[in-house]
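Here is a brief report on one protein chain. Have the sequence and the model at hand while reading.

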Amino acid sequence: MDAIRKQASRLREQVARQQQAVFKQFGGGGHGSGLSDNAELHQHQKLEKLYISTRAAKHYQRDIVRGVEGYIVTGSKQVEIGTKLSEDSRKYGSENTCTNGNVLTRAALSYGRARAQMEKERGNMLKALGTQVAEPLRAMVMGAPLEDARHLAQRYDRIRQEAEAQATEVARRQAKARESQGHPDILTKLESAEAKLQDLKANMTTLGKEAASALSSVEDQQQKLTLERLISMVEFERAYHQRVLQILDQLEGEMVSERQRIEAPTTPSSNADNMPPPPSYEEANGVFASHMHDTSTDSMGYFLGEVLFPYHGVTDVELSLTAGEYVVVRKVTGNGWAEGECKGKAGWFPYEYIERRERVLASKVSEVF
């Protein structure tokens, strides 16, 4: 009997030690998971954050793709409408004339050409948005790395649930072992349950590290790629609007010039033949200003003027002009003469033959010199 009592006492002590070990590693509580290992809990929290982060980034990438695709659809319709307007403007400009001039036909041709250029720029931008923004993001959303990492995380979660259930089973069998006072069959089942729990925990740890590494890599790729594509989208749109602004500036200059042609009188208000002769450069510079008050210069500063009427210089100091040219006006006298330079030549001409221009195309400015 003494031997039996000693054996039973040893068995109870063994069961107590095993129970303490199990409760230490897989005790109840700990965020309701049944697993209280700090390292494992930290790994689990990290995986949860990575899973949420990559899922949110995936949804944002998908939103960008949908937005760009919608923008391309509406933009393509605008290109179609703008191209039709360009063709109509060109058709009017090439097939119609007006009895009192062709100002409107020239303006229509200019508008049609500019509209075609703007729609071409819009088409290029839409193409770039599709190939350089939407396609790379769509590929990542549907790509294997993200799905593989998420599958690893899901497998980890399933094994973790199994481990939690097994920890509960171990605790139940330990309680049963205490009640049975060391029954051999119960102890054997307890040891088997503990071994299975250890295997599940080892697998869970390994799989958790793999899932965390995969999700971290995907998260890093998502952040970098999405930011790069957003920057590219801004650059494409910025370049498009800058180019359109240049086209519109040029078009406005051409059309305003045509409007000014319409509003300008057909002939000068005064006859250049009745004007006094142009002053000499000495007089214009004020050398004889005290003796020739009528020819004193008006201090207006340099400016650009458009020639409204042709003028043929009579003397060597006069400058011949052709309608539509631009001239740099340097001096304007009080008796109707102006001095300036056009195409490398300088001289005097009637001031009424030109009109001051505040905005001139760069190509026209280059012709002056």
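## Overall architecture

This is a predicted model. The protein holds seven helices and six strands. Their order from the N terminus is α-α-α-α-α-α-β-β-β-β-β-β-α.

Of the 369 residues, 37% are buried. The exposed surface comes to about 21900 Å², with carbon and sulfur atoms supplying 52% of it. Among contacts with a separation of 6 or more, 73% join residues 24 or more positions apart.

## Helix H3

Helix H3 covers residues 103-141, which is 39 residues. At 1.5 Å a residue it should span 57 Å, and its end C-alpha atoms lie 55 Å apart, so the two values agree.

H3 also bends, by about 35° at Ala134. A proline, Pro136, follows within four residues.

## Aromatic cluster

How many aromatic pairs are there? The count is two. Phe309 and Tyr353 pair edge-to-face, with 6.0 Å centre to centre and 85° between the planes. Phe309 sits in the loop between strands E2 and E3, Tyr353 in the loop between E5 and E6. They are 44 residues apart.

Tyr311 and Tyr353 also pair edge-to-face, at 5.4 Å and 75°. Tyr311 lies in the loop between E2 and E3, 42 residues from Tyr353. Phe309, Tyr311 and Tyr353 form one aromatic cluster. Phe309 and Tyr353 are buried, and Tyr311 is buried too.

## A charge over a ring

Arg356 lies over the face of Phe303. The distance to the ring centre is 4.3 Å.

How values were computed:
Residues numbered from 1 in each chain as written. Predicted model: local features only at pLDDT ≥ 70, side-chain atom pairs only at ≥ 80, totals over all residues. Heavy atoms only, no water. Helix = DSSP H or I, 4+ residues; strand = E, 2+ residues; numbered from the N terminus. Expected span 1.5 Å × (residues − 1). Bend = angle between axes of the 7 residues up to and from the residue. Buried < 20%, exposed > 50% of the residue type's maximum accessible area, 1.4 Å probe, protein only. Contact = heavy atoms within 4.5 Å. Areas by Shrake-Rupley, 256 points an atom, 1.4 Å probe, with all protein chains shown as cover. Phe/Tyr/Trp six-rings, centres within 6.5 Å; stacked < 30°, edge-to-face > 60°. Lys NZ or Arg CZ within 6 Å of the ring centre and 35° of its normal.
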